[in-house]
Amino acid sequence: MRALIKHHAGPGLRFVSDRPRPIPGPRDVLIRVKKVGICGTDRHIWEWDEWAAGRIPVGIVTGHEFVGVIEAVGSAVTNYRPGLRVSAEGHTTAWKDYNSRTGSAHIASDTKIIGIDRDGCFAEYVCVPEENVWPVHASIPDRVAAVLDPLGNAVHTVMAAGVSAKSVLVTGTGIIGLMAVTVARAAGAGRIFATDIDPRRRALAKRLGAVEAFDPRDGGWIEEVRRACRGEGADVLLEMSGAASALNQGFEALRNGGVAALLGIFKKPEPFDFNRLVIFKGCTVLGVNGRKMFETWYQMEELLLSGRLELDDIITHEFALEEFEKAHQTMIRGEGIKVVMDVG
Ligand SMILES: NC(=O)c1ccc[n+]([C@@H]2O[C@H](COP(=O)([O-])OP(=O)(O)OC[C@H]3O[C@@H](n4cnc5c(N)ncnc54)[C@H](O)[C@@H]3O)[C@@H](O)[C@H]2O)c1
Ligand SMILES: [Zn+2]
């Protein structure tokens with residue numbers, strides 16, 4: 001089959017056309033891939049940074065965001081049949097530990113992620129455990145179904161924080177931050193404020209419903225948000241940049257007793273003033289990892305079916321799988337926001 005593989009311990013990926021098709025185990029589902037999304041994680045894998053070098057097994061097929069059609073099922077699979085259009089939760093677990101057995105499988109201790117720890121979806125076929133399959137509703141188009149994974153990150157963060165009738169600050173309106181703006185709006189948020197260093201992303205955040213989008217390099221915005229929110233600060237912070245300065249600014253702009261949901265991943269451990277920004281503020285800090293299995297997926301489907309999410313301007317480019325070099329560079333150079341590749 002055609003596939004993109006991490007062929008060596010260095011930058012880039014290689015396109016091959018002779019990768020053996022994966023063989024589903026008894027409880028696996030084999031999916032013929034239609035469309036895939038390129039994630040920030042794929043950028044790390046492409047660039048082969050320290051994280052990628054320490055985590056990614058050389059030789060795997062990369063990619064974890066996709067939609068496809070079931071081609072075949074293992075002998076013990078009972079719930080699914082070939083022909084069904086599906087996506088899948090990319091975090092797999094053996095369902096043996098405390099969290100996976102008590103409704104929090106997204107933080108299982110044995111998580112293995114497709115396209116990161118095991119073969120992923122930048123290929124004609126991908127295999128996932130039956131439990132991970134998510135049947136896609138007929139009215140959700142392929143280009144949206146291909147990016148349910150990051151949309152799920154946004155939905156998980158917004159729902160964890162609770163935004164209804166609250167003032168919300170989103171620091172970092174990249175792929176997931178922009179999705180969070182439209183999700184928060186659909187979920188009944190009050191005013192949404194945003195920050196990003198990229199003017200095009202700030203403009204898009206405003207188009208999607210942010211009342212104001214600030215350049216974080218001019219720190220004056222913090223006072224402006226506080227002033228706008230009774231002089232106290234925003235009710236909710238959604239940190240979606242992974243930048244240490246954004247984390248600090250976000251907490252400065254959060255009111256005492258506010259809720260901060262942190263999704264952005266910092267490149268290294270960062271110093272942080274817990275006394276002033278968390279303890280004396282009495283705020284609640286939530287770490288957000290992945291998507292809840294499968295509460296987030298149900299919420300996401302309902303929000304999509306409501307017609308209130310605006311994703312068209314976030315999914316900016318589509319390329320054929322064979323144009324993977326151009327597709328990855330479009331994303332890495334920041335020309336594209338969410339870049340999708342057509343596989344079959
Ligand atoms: N916790 C999880 O499960 C999970 C899952 C996926 C991604 N992530 C992380 O979430 C973050 C967002 O992911 P993404 O795919 O949207 O990435 P992205 O690169 O598309 O978005 C990050 C945005 O932050 C902006 N930014 C950079 N510095 C900033 C600053 N100082 N202030 C404000 N904005 C700033 C960038 O311009 C960019 O638009 C990343 O850190 C990613 O690693 C976490
Ligand atoms: Zn992703």
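We're looking at a predicted model, where local features need pLDDT of at least 70, side-chain atom pairs count only at pLDDT 80 or more, and totals for chains, interfaces and linings use all residues. Residues are numbered from 1 along each chain as its sequence is written, while chains are lettered from A and ligands numbered from 1 in the order in which they are written.

## Overall build

The protein chain carries 12 helices and 17 strands (DSSP runs numbered from the N terminus: H or I of at least four residues for helices, E of at least two for strands). Its C-alpha trace spans about 60 × 40 × 35 Å along the principal axes. A compact globule of 344 residues would have a radius of gyration near 20 Å, and the chain's 20 Å agrees with that; the radius is taken over C-alpha atoms, and the globule rule is 2.2 Å times the number of residues to the power 0.38.

Buried residues account for 49% of the 344. Here, buried means 20 or more other C-beta atoms within 10 Å of the residue's own, exposed means 12 or fewer, and partly exposed is in between, with C-beta atoms placed from the backbone. Of the contacts between residues at least 6 apart in sequence, 69% join residues at least 24 apart; a contact needs C-beta atoms, placed from the backbone, to lie within 7 Å.

## Helix pairs

Two packed helices are described by the angle between their axes and the distance between the axes. Axes are lines fitted to C-alpha atoms, for helices over the stretch in contact, and angles run from 0 to 180 degrees between N-to-C directions.

| Pair | Angle | Axis distance |
|---|---|---|
| α5 (148-161) and α6 (175-186) | about 55° | 8 Å |
| α5 and α11 (295-305) | roughly 100° | within 9 Å |
| α8 (220-228) and α9 (244-253) | about 30° | 9 Å |

For orientation words, angles under 35 degrees count as roughly parallel, over 145 as roughly antiparallel, 65 to 115 as roughly perpendicular and the rest as oblique. By class, the contact has 11 nonpolar, 2 polar and no charged residues, where Ala, Val, Leu, Ile, Met, Phe, Trp, Tyr, Cys and Pro count as nonpolar, Asp, Glu, Lys and Arg as charged, and the others, Gly among them, as polar.

With α11, α5 is roughly perpendicular. Residues meeting there include Leu-148, Gly-152 and His-156 of α5, and Trp-297, Met-300 and Leu-303 of α11. That contact divides into 7 nonpolar, 4 polar and no charged residues.

As for α8 and α9, they're roughly parallel, with a right-handed crossing. Ile-222, Val-225 and Arg-226 of α8 make the contact with Gln-249, Glu-252 and Ala-253 of α9, giving 3 nonpolar, 1 polar and 2 charged residues.

## Two single residues

Leu-262 sits in strand β14 (residues 254-262) and is buried, with 22 other C-beta atoms within 10 Å. Leaving out residues up to four places away in sequence, Leu-262 touches Glu-239, Val-285, Leu-286, Gly-287 and Val-288. Its C-alpha lies 8.8 Å from that of Asn-289, 27 residues apart along the chain.

Gly-334 is in the loop between α12 (324-332) and β17 (338-342). Gly-334 counts as exposed because it has 11 C-beta neighbours inside 10 Å. The C-alpha atoms of Gly-334 and Arg-200 are separated by 10.0 Å, with the two residues 134 apart along the chain.

Note on methods: Contact = placed C-beta atoms within 7 Å. Left-handed = near helix turned anticlockwise from the far one by under 90°.
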